[in-house]
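Have the structure open beside you as you read.

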Amino acid sequence: MKIQVVNKSSNPLPEYAHAVGDSGVDLMADMWGIQGKFLFNSEIIRNPEDDTIECISIAPGGRALIPTEIYTAIPNGYEIQIRSRSGLALKKGVFVLNSPGTIDACYRHGYGVILMNLGTEPFEVRQGDKIAQAVLVKVEQIEWKSVEYLDETDRNLGGFGSTGV
């Protein structure tokens, strides 16, 4: 499906790592749009010579909103889900905090990725690093139908460990 995109970053457009079979495109960090107010137990590391941003350092337990500077017009009936990269999650303990994050069809601002570091070492995000993946997903809107009772099932009200841990 063709999606209209404006790339305000200095990175190439997100791509699939493999031509066939991949579900998500890799999203890359773009330091141009970073804002200090969206850093929690994280810090901007600057180059002392020219004051440019070298990286964002996310301390263990910290989180940061990392911009991508990718803007899209998603068709109605679809969303883009922002998901963790399995390698970052496994090897570094870094994942998308609100996974999956949702980019709605009506949203026109740049994508931001909320990264959380549950690793034991600070994690540095640099310009162009692959930080998450984006997946196009078909969605239906809910039409609520009020009823007095719901059909009974074998499970009924069981949940939160009711079938075992």
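## Starting in a loop: asparagine 47

Leaving aside neighbours within four places in sequence, asparagine 47 is in contact with Thr52 and Glu54, where contact means heavy atoms within 4.5 Å. Asparagine 47 sits in the loop between β3 and β4. Its C-alpha atom is 34 Å from that of isoleucine 80, and the two residues are 33 apart in sequence.

## About the model

This is a predicted model, in which local features need pLDDT of at least 70 and side-chain atom pairs count only at pLDDT 80 or more, while totals for chains, interfaces and linings use all residues. Residues are numbered from 1 along each chain as its sequence is written, and side-chain values use heavy atoms, with hydrogens and water left out.

## Overall layout

The chain contains 1 helix and 11 strands; helices (H or I, at least four residues) and strands (E, at least two) are DSSP runs, numbered from the N terminus. From the N terminus on, the order of elements is β-β-β-β-β-β-α-β-β-β-β-β. Of the contacts with a separation of 6 or more, 66% are between residues 24 or more positions apart.

The radius of gyration is 19 Å, whereas a compact globule of 165 residues would have a value near 15 Å. That radius is taken over C-alpha atoms, and the globule rule is 2.2 Å times the number of residues to the power 0.38. Along the principal axes, the C-alpha atoms fill a box of roughly 70 × 40 × 35 Å.

## Surface and charge

Of the 165 residues, 33% count as buried; buried means under 20% relative accessible area, exposed over 50%, and partly exposed in between (1.4 Å probe, protein chains only). The chain exposes about 11,400 Å², with carbon and sulfur atoms supplying 52% of it. These areas come from the Shrake-Rupley method with a 1.4 Å probe, and for residues only the protein chains shown count as cover.

There are 15 positive and 21 negative side chains, and the centres of the two sets lie 2 Å apart. Lys and Arg count as positive and Asp and Glu as negative, while His and the chain ends are not counted. Each charge is placed at NZ of Lys, CZ of Arg, CG of Asp or CD of Glu.

## The nonpolar core

Which residues have the most contacts inside the largest nonpolar core? They are Ile56, Ile66, Ile82, Leu115 and Val125, in a core of 27 residues. The elements giving two or more residues to this core are β2 (25–28), β4 (53–67), β6 (78–83), β7 (94–96), β9 (112–117), β10 (123–125) and β11 (130–138). The largest share, 4 residues, comes from β4. A nonpolar core here is a set of buried Ala, Val, Leu, Ile, Met, Phe, Trp, Tyr and Cys residues joined through side-chain atoms within 4.5 Å.

Beyond its neighbours within four places in sequence, isoleucine 56 is in contact with Met31, Ile34, Leu39, Ser42, Glu43, Ile44, Ala64, Ile66, Phe123, Glu124 and Val125.

## Where the chain ends meet strands

Methionine 1, in the segment before β1 (4–7), counts as exposed at 59% relative accessibility. Apart from neighbours within four places in sequence, methionine 1 is in contact with Pro75, Tyr78 and Leu136. Leucine 136 belongs to strand β11 and is partly exposed, with a relative accessible area of 33%. Not counting residues up to four places away, leucine 136 touches Met1, Ile3, Ile74, Tyr78, Glu79 and Ile80.

Valine 139 lies in the segment after β11 and is partly exposed at 30% relative accessibility. With neighbours within four places set aside, valine 139 is in contact with Gly77, Tyr78 and Glu79. The C-alpha atoms of valine 139 and tyrosine 78 are 5.2 Å apart, although 61 residues separate the two along the chain.

## Backbone points to check

Most residues other than glycine have a negative phi, and most peptide bonds are trans. Asparagine 41, in strand β3 (residues 39–46), has a positive phi near 55° and counts as exposed at 52% relative accessibility. Aspartate 51, in the loop between β3 and β4, has a positive phi near 65° and is partly exposed at 48%.

The peptide bond from serine 99 to proline 100 is cis, with omega near -5°. Proline 100 is placed in the loop between β7 and β8 (101–103).
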